[in-house]
Amino acid sequence: MKNDFFEVQSVDACQHILSSFAPVLEAENVSLDQALSLVTAQDVRADEDLPAYSRSSMDGYAVRARDCFGAGESNPVYLSVKARLAVDDYPQISLGPGECAEILTGGSLPSGADAVVMVEHTRQIAEDEIEVFRSLGPGDNIMLSGEDCRSGQIALPAGKRLRPQDLGVLAALGQSRIEVFRRPRVAILSTGDELVPVDEKPAPGKIRDVNSTTLAAWCARAGAEPWLMGIVQDQQQDLQQAVALAVNQADCVLLSGGSSVGTRDLSIEVISSLPQGRILAHGVALSPGKPTILAAQGQIPIIGLPGQVTSAQVVMYVLGLPFLAHLGGEDQAFDRSRQARVWARVKRNIASQQGREDYIRVKLVQDAKGLLWAEPVLAKSGLLRSLLHADGLLRIPAQAEGVSAGGTHEVWLL
């Protein structure tokens with residue numbers, strides 16, 4: 001029976017609905033080699049200064065900056081070389097007026113030194129004497145003790161998704177394990193009598209299931225654990241059994257296909273028939289992706305995505321990625337200002353319908369003057385190449401009627 005429930009919500013309203021679901025806050029202790037893209041479950045405090053000692057960031061000579069005041073090509077300063085330090089030395093010497101010590105990148109500074117002059121700004125004129133041709137200030141070309149973080153300071157806050165550079169800080173602090181939130185488990189179901197597995201040759205009227213593959217990849221990108229449940233035919237009993245299993249064993253369910261209004265679209269009926277099933281929104285003011293469903297079984301979120309592959313991926317990019325980041329415990333996951341983006345000039349006029357957000361697939365091209373241009377990728381909505389050849393999505397706000405050629409606009413990087 002045809003379901004007439006189709007009340008379009010704004011993207012902001014849908015994000016508000018999604019943000020109301022509680023994150024999966026089960027913590028686990030993992031080694032650093034398992035921690036990439038997971039979210040910190042608690043503040044990580046440094047238990048030592050980093051760097052532990054003041055170190056040189058250049059090959060050259062450790063000096064007292066005041067000894068090099070006024071030095072230049074026509075007015076060199078002469079310093080005596082008191083020592084030549086190996087990179088792993090912890091120097092026991094102290095520099096006095098007019099003294100320096102040869103030092104390598106990463107080497108510890110001797111007492112009295114507060115700067116390093118680069119070797120290319122010096123000339124050796126005797127075995128233990130150099131000329132300096134560059135004036136220096138205190139702190140030049142050195143890494144001060146505790147400059148990265150002090151003992152007791154928060155090195156990484158709770159709710160932060162771990163990047164390679166974050167793991168580097170933990171390694172430098174000698175912390176080989178970390179408390180993180182576990183990855184949300186996301187069940188992925190593709191529905192439709194027309195679908196066949198990717199390794200099967202489709203007969204006339206059939207197509208391969210693309211959404212399972214792409215949605216799993218988007219989940220992994222968001223730091224979630226995808227659970228591919230396969231293809232479900234357009235039979236209410238089959239879909240009910242699959243969704244019931246999914247909500248019992250996953251933290252979130254992605255259901256692609258069966259979200260528009262039609263006689264064969266069963267998602268709304270199946271979700272509504274669940275013991276605690278409720279529809280939160282059916283329809284989002286987003287193009288492509290209007291027939292999206294937001295629903296829940298108890299506290300388990302269910303997102304019904306369009307079966308059309310481009311639409312499903314745009315919805316995942318705009319709503320799914322921040323939501324899965326939120327489920328994973330990441331702070332400010334819905335903050336759009338954190339979106340990777342650039343500003344580019346638009347190559348041609350693009351029309352848009354007021355009242356919905358349009359996401360236009362664009363290719364970014366830099367001209368001879370260094371200006372960045374966004375060229376719309378012209379392709380029919382059902383073709384994969386509209387995303388394949390796109391570098392980003394040009395977002396047209398709901399209140400706009402389009403964009404004009406030559407105007408500068410925001411492009412979200414894919």
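The largest pocket in this predicted model is lined by 28 residues. Those nearest its centre are Ala325, Glu330, Ala333, Arg338 and Gln339. The volume of the largest pocket is about 770 Å³. Two elements give two or more residues to its lining: helix H6, residues 309–327, and strand S29, residues 408–413. Helix H6 supplies the largest share, with five residues. If you sort the lining of the largest pocket by residue type, you get 13 nonpolar, six polar and nine charged.

While we are at this part of the chain, please find Gln332. Gln332 sits in the loop between H6 and strand S23, which covers residues 341–346. Its phi is positive, about 55°, although Gln332 is not a glycine. Is Gln332 buried or exposed? Its relative accessibility is 57%, and the cut-off for exposed is over 50%, so Gln332 counts as exposed.

There is another residue of this kind, Ser37. Ser37 also has a positive phi without being a glycine, and here the value is about 75°. You will find Ser37 in the loop that runs between strand S1, residues 27–31, and strand S2, residues 39–40. With a relative accessibility of 25%, Ser37 counts as partly exposed.

Staying with the backbone, I have two cis peptide bonds to show. One joins Leu50 and Pro51, with omega at about -5°. Pro51 is in the loop between strand S3, residues 44–45, and strand S4, residues 55–56. The other goes from Ser287 to Pro288, and its omega is near -5°. Pro288 is placed in the loop between strand S20, residues 286–287, and strand S21, residues 293–297.

Now to the charged side chains. How many salt bridges does the count come to? The count comes to 18 salt bridges.

Take Arg64 and Asp67 to begin with. They form a salt bridge in which the closest N and O atoms are 3.1 Å apart. Arg64 has a relative accessible area of 11%, and Asp67 has a relative accessibility of 17%. Buried means under 20%, so Arg64 is buried, and Asp67 counts as buried as well.

The next pair is Glu102 and Arg84, whose side chains meet in a salt bridge of 2.7 Å, N to O. This pair links distant parts of the chain, with the two residues 18 residues apart. Glu102 belongs to strand S7, residues 99–103, and Arg84 to strand S6, residues 77–84. On accessibility, Glu102 is partly exposed at 29%, and Arg84 counts as partly exposed at 41%.

Then there is Glu131 with Arg123. Their side chains meet in a salt bridge of 2.6 Å, again N to O. Which of the accessibility classes does Glu131 fall into? At 7% relative accessibility, Glu131 counts as buried. Arg123, by contrast, is partly exposed, with a relative accessible area of 47%.

Asp12, Arg336, Arg341, Glu357, Arg395 and Glu410 are linked in a network of salt bridges. Let us look at one of its members, Arg395.

Where is Arg395 found? Arg395 is in strand S27, which runs over residues 392–396. Its relative accessible area is 18%, and under 20% means buried, so Arg395 is buried.

What does Arg395 touch, leaving out residues up to four places away in sequence? The list is Arg336, Glu357, Asp358, Tyr359, Glu410 and Trp412. Glu357 is on that list, and a polar contact of 3.4 Å joins its side chain to that of Arg395.

Methods
Residues are numbered from 1 along each chain as its sequence is written. This is a predicted model: local features need pLDDT of at least 70, side-chain atom pairs count only at pLDDT 80 or more; totals for chains, interfaces and linings use all residues. Side-chain values use heavy atoms; hydrogens and water are left out. Helices (H or I, at least four residues) and strands (E, at least two) are DSSP runs, numbered from the N terminus. Buried means under 20% relative accessible area, exposed over 50%, partly exposed in between (1.4 Å probe, protein chains only). A polar contact is a pair of N or O atoms within 3.5 Å; within protein, one must be able to donate a hydrogen and the other to accept it, and residues adjacent in sequence count only if both atoms are side-chain atoms. Contact means heavy atoms within 4.5 Å. A salt bridge is a side-chain nitrogen of Lys or Arg within 4 Å of a carboxyl oxygen of Asp or Glu. On a 1 Å grid over the protein atoms alone, a cavity is a set of points where a 1.4 Å probe fits but cannot get out, and a pocket is an open set with protein on both sides within 12 Å along at least five of seven lines; lining residues have an atom within 4 Å of a point. Grid points are joined across faces, edges and corners, and a volume is the space filled by probe spheres set on the points. Ala, Val, Leu, Ile, Met, Phe, Trp, Tyr, Cys and Pro count as nonpolar, Asp, Glu, Lys and Arg as charged, and the others, Gly among them, as polar.
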